[in-house]
Amino acid sequence: MESITSLEFLKDFTEGDEERINKYVGMYLSSAEENAKEFKKLMDEQRLDELRSIVHSMKPHFDFMGMKTARALAETIEASIIENTSIESLPEKVSELIAMIEQSLVELRH
Amino acid sequence: MKSELKRKLELFIVDDDALSMSVLGDYLKKKIGSNLEVHEFDTGETCLAKIAERTPHIVVLDYHLDSKTQTAANGIDILKKIMAHHPEVTVIMLSGQAKIDIAIETMRLGARDYVVKGETASLHVSQIIKSIVEAENQADELRNYKVGFWIAIGIMILLTIGVIVLYTFFPEHTKHLPM
């Protein structure tokens, strides 16, 4: 499976400071799993405004972890909720984003 | 370096996302220097409570602050309160949305700048802070020059008075001096 994460940005940003990179990856790991569960719950309960808020707050995380596809998908989900368009495809998109987060957890834990 | 801090600068960061706040705070401490004191707040309300007892120079304020606490006030409301009670504080707004109308609204309410969150946000915020530091350093230098100028003028006036007194009241002591 193709890797969806890249630490190139963090390496560049921290000028190769391993301690800071590990700190940020650790913070991502400790929040991402919980957020993915929250995505599913909020989607199931149709609490779209709260879903939008959490998806929005995760966009910088995707930037830091080099997850460009996840960032783009998060933007699509956010725009879809704000503009109330393509709501029928939202569960599928949210599932796709959750799958990406789960894959990122596997990649970043190794 | 001109943008080096010559005195302590206190900076508050308000963001409901711990990772973003940590990334920005660490970056600023590294780039601006040890005279920058950073305090982090995950809601605007906790930041306002702190401002009431200790006013910072700069607040970096996120626009959306409700991802963890749904009832938390948003960045615009916090900006309005800061500007109403502490207009001397420089506020830099952060947002995940590159929307010109939001940017204009925040600037109209008194924010100095509007930075879109993303890979280059930390760099932009640090550049803004450096420009603030440079302006403050220049203002300090100008103040020092003015003080120095008036001290020099004062010394010259005192010397002139001294010479006049000497020539007027003690002419016998000035015979050997040039006129």
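Biologist: Where is Glu15(A) placed in this predicted model?

Modeller: Glu15(A) sits in the loop that links helix H1 (8-13) to H2 of chain A.

Biologist: How should I read its phi angle, and what is the value?

Modeller: Most residues other than glycine have a negative phi. Here, phi of Glu15(A) is near 55°, a positive value.

Biologist: Is Glu15(A) buried or exposed?

Modeller: The neighbour count settles that one. Glu15(A) has 8 C-beta neighbours inside 10 Å, so this residue counts as exposed.

Biologist: What about phi of Ser86(A)?

Modeller: Ser86(A) is not a glycine either, and its phi is positive, near 50°. Its place is the loop between helix H4 (68-83) and helix H5 (90-109) of chain A. Because Ser86(A) has 14 C-beta neighbours inside 10 Å, it counts as partly exposed.

Biologist: Let's step back to the whole chain. How many helices and strands does chain A have?

Modeller: Chain A contains 5 helices and 0 strands, and the pattern along the sequence reads α-α-α-α-α.

Biologist: Which radius of gyration does chain A have, and what would a compact globule have?

Modeller: For 110 residues, a compact globule would have a radius of gyration near 13 Å; chain A has 14 Å, which agrees. The C-alpha trace spans about 45 × 25 × 20 Å along its principal axes. Buried residues account for 32% of the 110 residues. Of the contacts in chain A between residues at least 6 apart in sequence, 61% join residues at least 24 apart.

Biologist: How do I describe two packed helices?

Modeller: Two packed helices are described by the angle between their axes and the distance between the axes. Take H2(A) and helix H1 (residues 18-32) of chain B: their axes come within 10 Å and cross at roughly 165°. H2(A) and H1(B) are therefore roughly antiparallel, and their crossing is right-handed.

Biologist: Which residues meet there?

Modeller: From H2(A) come Arg20(A), Tyr24(A), Met27(A), Tyr28(A) and Ser31(A), which meet Ala18(B), Leu19(B), Ser22(B), Val23(B) and Asp26(B) of H1(B). The residues of this contact divide into 6 nonpolar, 2 polar and 2 charged.

Conventions. Residues numbered from 1 in each chain as written. Chains lettered and ligands numbered in written order. Predicted model: local features only at pLDDT ≥ 70, side-chain atom pairs only at ≥ 80, totals over all residues. Helix = DSSP H or I, 4+ residues; strand = E, 2+ residues; numbered from the N terminus. Rg over C-alpha atoms; globule rule 2.2 N^0.38 Å. Buried ≥ 20, exposed ≤ 12 C-beta atoms within 10 Å, placed from the backbone. Contact = placed C-beta atoms within 7 Å. Axes fitted to C-alpha atoms, helices over the stretch in contact; angles between N-to-C directions. Parallel < 35°, antiparallel > 145°, perpendicular 65-115°, else oblique. Left-handed = near helix turned anticlockwise from the far one by under 90°. Nonpolar A, V, L, I, M, F, W, Y, C, P; charged D, E, K, R; others polar.
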